[in-house]
Amino acid sequence: MSLFTDMLFVLVQTKLVFIILGIGFIGVSIFITAVFGRTITKGLIKTSAYSKKIQNLDVSEDIPEKVLDIKDEVGDLARSMQVAITNLRSFVKDTDNISNNVSNYSTSLLTNIGQVNLTASEISNVVVQIAEGATNQAKDSENGSYKVA
């Protein structure tokens, strides 16, 4: 029976070693999962914060290089968002330039309209003076013809 007892003892010890190894493996797995999970979560949280800024049309900040350098889907998302930020900035700058050009053209147009109005007023005054001169000349001619006749 001693052989049977020894074998049973070895089996129990082996079983105990496997249980301890299993628990250790599960512990290491949980630790690794937590570390990787935190890494992924940090990137997602930062990306989410920047997406909220973009939602409010705040493109004043770039996404940090640390997030852009992530080599997974979170990094892909961050890089895509950075492209959107850059494109929005360019769009806003172009729109601002176009708006300034329209404002400058409008100011120039108003100046030209003012000059046209001034010129038209001067022409009108000259036409009135010519008409008055013609009227006076006609009256003088009429008075002269009465004196001759």
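User: What makes Q115 count as partly exposed?

Analyst: First off, this is a predicted model. Q115 comes out at 47% relative accessibility. Buried means under 20% and exposed means over 50%, so Q115, at 47%, falls in between and counts as partly exposed. The residue sits in helix α3. The C-alpha atoms of Q115 and D72, 43 residues apart along the chain, are separated by 65 Å.

User: Why is T47 called buried?

Analyst: The relative accessibility of T47 is 1%. The cut-off for buried is under 20%, so T47 counts as buried. You'll find T47 in helix α1. Setting aside neighbours within four places in sequence, T47 is in contact with V67, V74, L77, A78 and M81.

User: Which residues does V67 touch, not counting those up to four places away in sequence?

Analyst: V67 touches G43, K46, T47, G75 and A78. V67 is also one of the residues of the largest nonpolar core.

User: What makes up that largest nonpolar core?

Analyst: There are 9 residues in all: Y50, I54, V59, I63, V67, L68, A78, M81 and I85. The elements giving two or more residues to this core are α1 (2-55), α2 (65-68) and α3 (73-148). Of these, α3 gives the most, with 3 residues. To be called a nonpolar core, the residues have to be buried ones of the nonpolar kinds, joined through side-chain atoms within 4.5 Å.

User: Now the loop. Is L57 buried or exposed, and how do you know?

Analyst: L57 has a relative accessible area of 66%. Exposed means over 50%, so L57 counts as exposed. The residue is found in the loop between α1 and α2.

User: What is there to say about the phi of L57?

Analyst: The phi of L57 is near 60 degrees, which is a positive value in a residue other than glycine. For context, most residues other than glycine have a negative phi.

User: And what makes D58 partly exposed?

Analyst: D58 has a relative accessible area of 31%. Like L57, D58 is found in the loop between α1 and α2. The C-alpha atoms of D58 and M7, 51 residues apart along the chain, are separated by 73 Å.

User: Zooming out, what is the secondary structure of the protein?

Analyst: It comes to 3 helices and 0 strands. Read along the sequence, the pattern is α-α-α.

User: How much of the protein counts as buried, and how much area is exposed?

Analyst: Of the 149 residues, 9% count as buried. The protein exposes about 12,200 Å², and carbon and sulfur atoms supply 67% of it.

User: Last one: how many positive and negative side chains does the protein have?

Analyst: There are 13 positive and 15 negative side chains. The centres of the two sets lie 12 Å apart.

Key:
Residues are numbered from 1 along each chain as its sequence is written. This is a predicted model: local features need pLDDT of at least 70, side-chain atom pairs count only at pLDDT 80 or more; totals for chains, interfaces and linings use all residues. Side-chain values use heavy atoms; hydrogens and water are left out. Buried means under 20% relative accessible area, exposed over 50%, partly exposed in between (1.4 Å probe, protein chains only). Helices (H or I, at least four residues) and strands (E, at least two) are DSSP runs, numbered from the N terminus. Contact means heavy atoms within 4.5 Å. Accessible areas come from the Shrake-Rupley method with a 1.4 Å probe; for residues, only the protein chains shown count as cover. Lys and Arg count as positive and Asp and Glu as negative; His and the chain ends are not counted. The place of a charge is taken as NZ of Lys, CZ of Arg, CG of Asp or CD of Glu.
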